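Thanks for asking me to look over this structure with you. Have it open as you read, and find each residue as its name comes up.

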Amino acid sequence: MSRKENQHDDSSDNIFEKVEGGVKKSARAVKKQWPRVKRVAKKADDPAEAKEYAEDEVKDEMSDQVKKQFKKQIQSGAGKLRDNLEEKKEENADKVHSKAQDAKEKMQENLLEFREGVKSFKESGEEVQEKISGNAPSDNKKDKSKVKNSTDIKGVSSLKSYDQVKGSNDIKGASHIKGYFD
C-alpha cells in the first residue's frame, strides 16, 4: 500500500468517528427535546386521550422551545449592547483624556503668562520703591527732595482739642496794632 492510500484510510476512520460522535450527540438532543411518549401513554386510557395528551405535550414542549429561543435572542442582544457600551466607554475615556491634556496645556500657558505679568509688575514696583527711597540716580533736584512717609503724618495727639481753640477774648484789638510811634 502506498503512503497516500494509508493516509486516506486514516482520515476516513477519523471522519467516521466524528460522524458517529455527532450522531450520538444529535440522538441525545432529540431525546431531551422530544415529547415524553411514555408519560403520554401512561396518562391515556384510549387512543383519543393519547392524541389529546400528545397535543398538550407538543404544545408544552413547543412553548418551552420558544421561551428558550427568546431567551437566547435576548441574551445575544444584551451581549451585543454590552460590547457596544464598552466600546463607547473606551472611546469616551480616550476623549476625556485628550481633553484633559489640552486643558492642562492651556492652564500651563496661562500660568506662564501670569508669571511674566507678575514679574513685570514686581520690577515696576521695585523701580517705584527705588525712586521713593532716593536710591535711584536722577538728574533733577526735585527728585532728590525728601518724600514724606508714614512718620511725617500728624497723628491724633497733634490735633487741637476744644479747650485750645481761640475764643472772642483772644482776639486782638486796635491797641495791639503797632504803629509808627510805638
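This is a predicted model: local features need pLDDT of at least 70, side-chain atom pairs count only at pLDDT 80 or more; totals for chains, interfaces and linings use all residues.

Below are some numbered points to go through one at a time.

1. Confidence is highest in helix α3, with a mean of 88, and lowest in helix α2 (residues 37-43), with a mean of 61. Please read helix α2 with that value in mind.

2. Next, the overall plan. The protein has 3 helices and 0 strands, so expect the order α-α-α when you trace the chain from the N terminus. Helix α1 covers residues 3-33, and helix α3 covers residues 47-133.

3. How much of the protein is buried? Of its 182 residues, 3% count as buried.

4. Now look for a nonpolar patch on the surface. Ile-15, Val-19 and Val-23 make one of about 270 Å². Val-23 belongs to helix α1. Why does Val-23 count as exposed? Its relative accessible area is 51%, and the cut-off for exposed is over 50%.

5. The negative one is formed by Glu-52, Glu-55, Asp-56, Asp-60 and Asp-64. Asp-64 sits in helix α3 and has a relative accessibility of 36%, so it counts as partly exposed. That label covers values between the 20% limit for buried and the 50% limit for exposed.

6. The positive patch brings together Lys-88, Lys-95, Lys-99 and Lys-106. Lys-95 is also placed in helix α3. What is the relative accessible area of Lys-95? The value is 52%, so Lys-95 is exposed.

7. Finally, how many salt bridges does the structure hold? The count is 1, and the partners are the side chains of Arg-82 and Asp-83. The distance from N to O is 4.0 Å. Asp-83 has a relative accessibility of 41% and therefore counts as partly exposed.

8. Then return to Arg-82 and Asp-83, whose side chains meet in the salt bridge.

Note on methods
Residues are numbered from 1 along each chain as its sequence is written. Side-chain values use heavy atoms; hydrogens and water are left out. Patches are made of residues with over 30% relative accessible area and no salt bridge: like charges are joined within 9 Å, nonpolar side chains (Val, Leu, Ile, Met, Phe, Trp, Tyr) within 5 Å. Accessible areas come from the Shrake-Rupley method with a 1.4 Å probe; for residues, only the protein chains shown count as cover. Lys and Arg count as positive and Asp and Glu as negative; His and the chain ends are not counted. The place of a charge is taken as NZ of Lys, CZ of Arg, CG of Asp or CD of Glu. Helices (H or I, at least four residues) and strands (E, at least two) are DSSP runs, numbered from the N terminus. Buried means under 20% relative accessible area, exposed over 50%, partly exposed in between (1.4 Å probe, protein chains only). pLDDT is the predictor's confidence in each residue, from 0 to 100.
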